[in-house]
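Good morning. Please keep the sequence and the picture open while I talk.

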2 protein chains.
Amino acid sequence: MAKTGSRVTIKDLASMCDVSTATVSRVLNHIQGGYSGETEARILKAAEELGYAPNLMARSLVTKKTNLVAVLVPDIHYYFFQEFFAGLEAYLNKFSYRLLLCNTQEDPRQEEQFIRSLCNGLVDGIIVSTLNSREENELLIELNEEHFPVITLERYGEELRDLCSVQVGNFDAGRMAVNYLYSKGHRKIAFIRGKRDARNADIRYEGYLAGLEACGLQPDESIVRYGDYTFEAGRQAMSELLENGGFTAVIGANDLITLGACKAIMKTGRRIPADISVVGIDKTILTDTHEPTIVSIDFCAHQVGITVGECIMSMINGESLGKRIFRQRSVLFEDGKSVREV
Amino acid sequence: MAKTGSRVTIKDLASMCDVSTATVSRVLNHIQGGYSGETEARILKAAEELGYAPNLMARSLVTKKTNLVAVLVPDIHYYFFQEFFAGLEAYLNKFSYRLLLCNTQEDPRQEEQFIRSLCNGLVDGIIVSTLNSREENELLIELNEEHFPVITLERYGEELRDLCSVQVGNFDAGRMAVNYLYSKGHRKIAFIRGKRDARNADIRYEGYLAGLEACGLQPDESIVRYGDYTFEAGRQAMSELLENGGFTAVIGANDLITLGACKAIMKTGRRIPADISVVGIDKTILTDTHEPTIVSIDFCAHQVGITVGECIMSMINGESLGKRIFRQRSVLFEDGKSVREV
DNA sequence: CTGAAAGCGCTTACAG
DNA sequence: CTGAAAGCGCTTACAG
């Protein structure tokens, strides 16, 4: 029965097998041509019996690799980050990499503290996602210049131009939502925007405006509100919109907002979609489980996680792929099925 | 401007300041009485200027502490684990501990692999939560015997009796749900159970049975179904229950099941709670945002995270607190407000 | 195919 | 108050 614990070291194995620690190391690391078959078998057997497992810290100290990657997110409660994390983790585990998950709580200072405490030999790379608020990027730029593997997710600062960035289809989502509703006959489409400070919220709104223009519709500020990416703000915004009316459909900048909007709509006795049509952005399980089901646009967070995984592994393996932007396409979902090209 | 990167070492600082590395180390670690004020100032200034940051791997190698804790969960999609994780992380961060999050995907073999790869000097402690399916505990027991800090969450194997365990109020939840519905006048209360292999699902059901008995109600197997902890299974189970009727209220073993049940109910045109009352267990944002709002019983996951954090830190600091079971109380929530004693 | 030796970047008795 | 030295558990040229 193999034991765990780090008691038994390479030295024990060496003296037990009457070889040097160098030979043990070679065998354990499968350095080809580094030992005879007989020695190998003997050492492997001893390792098995003693339940030897290498001390990862000691190894890291010389190899300069820890097989650890940190990922900084503003808040794991966002469904997007859960999906993203799952995709990323599955990918990295294939290469024996483990993930450190850090909650920045949308606070630039916490973010900086995390980064400083992690990038001193603890992790091989770092993935820094949006803060959904004012972001400070100097530290990231510095790290990148020092060729420390860093990838940004959903960060849009112009000063980040030399970093490897992964983004979702915010603009497309706004545009697609309008197109979809237009195709259903709607001509007055309200919009509840996301967080005021979040750049990705602005881009979704820009996509909405572009969608209106493409459909030949006039933008109308009286049917646009802010929603803070929360359920409560979405509900509040919708209540205000309903007071004045003047629209037949509404788009929420994320699913929480959208759900809040639905609640406000249904509270007044109106029906979805008979009285008001609703489309969400950043699809979560929430709109699927809702009664009635709500149409929402998927950012494909799981795939984004895989893409980010590929990028960080490439950088860790020494391939410089700076200056590149990877943007995932958005997909509209209706009743659990993806809808092509709207 | 402080640099990051691990280029500059304690050696650089030492030669720059004309002192030994030992002195630098003492200053940086604030070993009291280990240096003069003048030396301290000089070294601190140099460290600041060069942007020195200690190599954590090297430090760990000698201190035998990595300031890392791993937490293994079956699936981060469960809202409970998000809340739990947030509470745990916030607590551990206070002590400069970071968290490694590992998804076992409910697979005992993945779990074992994770544990083996983490407990060889990489992490100072490990938190292993339920698999929601058949669990293998030998490895955990071994670790515990070797005095490696390990805490189980929601694991119920009798063989775990010597480990420190944290549990939620599964039994209470089932009982409270019945009591609440009974107090609202219901006498025929259906129940949709959780995963077949999950022990915590069985306990919730046992609580339900105990609740019935305490209220003087007869258990009736014809209004009990399994729901697998998923939305779809909950919907399916509810559809079946509705065909035969014979109840005026239903309890879902978790919120996803409960939401599925609501969907099935509303699909048939019945109203909640006018026609059928619904209570969920393991409260999530889902029942809050639902229209109508659903009553659900909160396991206080955030507090569980803090409790687990306290336990693991104690163990890491050498306090043995094996054999102890910490059980968090459940709280019933109605319209966003907690309800005392039902 | 194998070993002696140096070294990764720290900390920690020990001696002064 | 300070330094020389050993050591944490590994890996990696280098030499044979």
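I start with chain B, where seven strands form an open sheet with mixed pairing, in the order E7-E6-E8-E9-E10-E12-E13. Two strands pair if DSSP finds at least two bridges between them. The names come from DSSP runs, numbered from the N terminus: helices are H or I runs of at least four residues, and strands are E runs of at least two. The edge strands in chain B are E7 (224-226) and E13 (337-339), each pairing on one side only. From one strand to the next, the twist averages 25°. For angles, axes are lines fitted to C-alpha atoms, for helices over the stretch in contact, and the values run from 0 to 180 degrees between N-to-C directions.

Before going on, a word on what this is. It is a predicted model, in which local features need pLDDT of at least 70 and side-chain atom pairs count only at pLDDT 80 or more, while totals for chains, interfaces and linings use all residues. Residues are numbered from 1 along each chain as its sequence is written, and chains are lettered from A and ligands numbered from 1 in the order in which they are written.

Back to the sheet of chain B. Strands E9 (residues 277-281) and E10 (residues 295-298) of chain B pair in the parallel sense over three bridges. Within that pair, B:Val279 stands opposite B:Val295 in E10(B). Helix H8(B) packs on the sheet and touches E6 (189-193), E8 (249-252), E9, E10 and E12 (331-334) of chain B. The direction of H8(B) makes about 160° with that of E9(B). Helix H9 (residues 199-214) of chain B also packs on the sheet, touching E6, E8 and E9 of chain B, and its direction makes about 170° with that of E6(B). Contact here means that the C-beta atoms of two residues, placed from the backbone, lie within 7 Å.

One residue of H8 (residues 170-183) of chain B is B:Asn179. The cut-offs are 20 or more other C-beta atoms within 10 Å for buried, 12 or fewer for exposed, and partly exposed in between, with C-beta atoms placed from the backbone. The C-alpha atoms of B:Asn179 and B:Thr39 are 69 Å apart, and the two residues are 140 places apart along the chain.

Now chain A. Its open sheet has seven strands in the order E7-E6-E8-E9-E10-E12-E13, again with mixed pairing. Three bridges join E8(A) to E9(A), which run parallel, and A:Ile251 has A:Val279 as its bridge partner in E9(A). Side chains in a regular strand alternate between the two faces of the sheet. In E9(A), A:Ser277, A:Val279 and A:Ile281 point one way, A:Val278 and A:Gly280 point the other way, and all are buried. At the other end of the sheet order, E12 (residues 331-334) of chain A and E13(A) pair in the antiparallel sense over three bridges.

What about the core? The largest nonpolar core has 189 residues, and those with the most contacts inside it are A:Ala177, A:Val250, B:Ala177 and B:Val250. Such a core is a set of buried Ala, Val, Leu, Ile, Met, Phe, Trp, Tyr and Cys residues joined through C-beta atoms within 7 Å. Leaving out residues up to four places away in sequence, A:Val250 touches A:Ala190, A:Ile192, A:Met238, A:Leu241, A:Ala261, A:Ile276 and A:Val278.

The two chains also meet: 42 residues of chain B are in contact with 43 residues of chain A. The side of chain B that touches chain A has 22 nonpolar, 12 polar and eight charged residues. In this count Ala, Val, Leu, Ile, Met, Phe, Trp, Tyr, Cys and Pro are nonpolar, Asp, Glu, Lys and Arg are charged, and the others, Gly among them, are polar.

Then the DNA. How many residues surround DNA strand C? There are 26, and the closest are A:Ala22, B:Ile10, B:Ala22, B:Ser25 and B:Ala58. A residue is near a strand if its C-beta atom, placed from the backbone, lies within 6 Å of it. Around DNA strand D there are 26 residues, of which A:Ile10, A:Ala22, A:Ser25, A:Ala58 and B:Ala22 come nearest.

Last, a backbone detail. B:Ile272 and B:Pro273 are joined by a cis peptide bond, with omega about 5°. B:Pro273 sits in the loop between H11 and E9 of chain B.
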